[in-house]
Amino acid sequence: MKTIITLLALTLGASAACAKTTVLTADRMIDVENGKLITNAVVVMEDNTIVAAGTKRSVTIPSDADVMELGDYTLMPGLMDMHVHLTSDATKHGYKRLADSLPRVTLTGVKHAEATLMAGFTTVRNVGAPGFADVALRDAINDGDIQGPRMFVSGPSLGVTGGHCDNNLLPYEFHTVSEGVADGPWAVREIVRRNIKYGATVIKFCGTGGVLSKGTKVGVQQYTFEEMQALVDEAHMRGLTVATHAHGTSGIKTAIKAGVDSVEHVSLLDEEGIELALEHGTYFSMDIYVTEYILSEGEKAGILEESLAKERIVGKRQRENFQKAVKAGVKMVFGSDAGVYPHGDNGKQFARMVRFGMTPMQAIQAATIHPATLLKQQETLGSIRAGKKADIVGVKGNPLDDISLLENVGLVVKDGHIVKSVAM
Ligand SMILES: [Zn+2]
């Protein structure tokens, strides 16, 4: 009997303590679902959930709520970056990376996870990490041990022997093979199954050569249609989405035909590639800021000369093709490739997205509602609406007038917790 009473008291105590209502008010709020700016905004959060959002006139503020009045701020959904590598250090590239152990890069990831969250990115898709270090980071964040964004993680990226997702830095006698290397339709299915077994929630593979890998050609396709199809089929059967690294024209198109959910980089895109993406509903994640960092800081950071040469060609083409894809109406998500450049600087890409053809609203939608839909999380993430998770950021001023304001996020709320507030 005593146990029952104690349990009952605990339950009542817990629910009374938990029902915490927090209210944010601000001059503006962005409704990303309708592409509208709302003035005199109010958001009511109960624990980790948004329970009401709208104008001051339409929303009643509960009398027992903690109210935070932000004034000249704009509230937006928590930002989402669909292409990061939290375990990668932007100051160490090429041969410098060989010196770091798996525990070391995992600890690096702890620092980067916090920097990313503080920059307003409450959700990321981590596309490629050694040894399932990304799974460990995600679990540590979810357990409350460390601070960081919600993570959708791929584990090691899949790729062909000697391709972009292999490690080709050392000669044959070292027998270095990346953990995601698999050749042939059944072998790729097996690696997809293994990645899922160890905690992956998305699948990433390399469909062409890349800029930063040794000895690969950016324009050249990696994996046949049959291999891509097997990989995508296996992932989809298990309920996971697939991201494909692809710079080259044939790799982009083959991946889209094989049914991938998003293509990353998309540098050497042609008209047919745009049409295929529109037809299949494929998302593009084009990292159009990173080129500036690679070409200015890359050499110091250890990026190989052959990689710098590749970037000089690819970066320019990618920006031109970004413009074409936006104009054609391809579904776009924000993907930065942070890890190649410093984590926490993710927001710098917004200004480039606007410079190369997006409206500020489109750029914000690409980092909120579109990623939520790509990840099939649109019921819980991606907009400020009753019933969704309380992931909210606030910036001083109006980012629709000046998109670069998103480089300085003043308020970050993740899962109902205020994790950053310069106004407080
Ligand atoms: Zn990447």
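Residues are numbered from 1 along each chain as its sequence is written, and side-chain values use heavy atoms, with hydrogens and water left out. Because the model is predicted, local features need pLDDT of at least 70 and side-chain atom pairs count only at pLDDT 80 or more, while totals for chains, interfaces and linings use all residues.

**Stop 1: the zinc ion**

Select the zinc ion. Its ligands are H83 (NE2), H85 (NE2) and D337 (OD), at 2.1 to 2.3 Å. Donors here are N, O and S atoms within 2.8 Å of the metal (3.2 Å for Na, K and Ca); water is not among the atoms, so sites may look incomplete. Along the chain the donors are spaced H-x1-H-x251-D. Now colour by element: H85 sits in the loop between β6 (79–84) and α2 (102–118), and D337 in the loop between β13 (331–333) and α10 (348–355). These two residues are 252 residues apart. Helices (H or I, at least four residues) and strands (E, at least two) are DSSP runs, numbered from the N terminus. H85 and D337 are both buried, where buried means under 20% relative accessible area, exposed over 50%, and partly exposed in between (1.4 Å probe, protein chains only).

**Stop 2**

Show β6, β7 and β8. They form an open sheet of three strands in the order β6-β7-β8, with parallel pairing. Its edge strands are β6 and β8 (150–153), each pairing on one side only. From one strand to the next, the twist averages 15°. Four bridges join β6 to β7 (residues 121–126) in the parallel sense; strands pair if DSSP finds at least two bridges between them. Pick V84: its bridge partner in β7 is N126.

Axes are lines fitted to C-alpha atoms, for helices over the stretch in contact, and angles run from 0 to 180 degrees between N-to-C directions.

**Stop 3**

Move to β2 (residues 36–46). This strand pairs with β3 (residues 49–55) in the antiparallel sense over six bridges. E46 has T49 as its bridge partner in β3. Two residues separate the strands of this hairpin, and D47 in the turn has a positive phi of about 50°.

Select V44, in β2. Why does V44 count as buried? Because its relative accessibility is 3%. Beyond four places in sequence, V44 touches residues including T21, V23, I50, V59 and P62; contact means heavy atoms within 4.5 Å.

**Stop 4: T241**

Jump to T241 in strand β10 (residues 241–246). T241 is buried, with a relative accessible area of 7%. Leaving aside neighbours within four places in sequence, T241 contacts V202, I203, H236, D261, L374 and K376.

**Stop 5: cavity and pocket**

On a 1 Å grid over the protein atoms alone, a cavity is a set of points where a 1.4 Å probe fits but cannot get out; a pocket is an open set with protein on both sides within 12 Å along at least five of seven lines; lining residues have an atom within 4 Å of a point. Grid points are joined across faces, edges and corners, and a volume is the space filled by probe spheres set on the points.

The whole structure holds one cavity of 30 Å³ or more. The largest cavity has a volume of about 60 Å³. Select its lining, including M80, T122, L381 and D391.

Finish at the second largest pocket, of about 370 Å³. Of its 20 lining residues, I141, N142, G148, K414 and D415 are closest to the centre. The elements giving two or more residues to this lining are α3, β8 and β16 (417–421).
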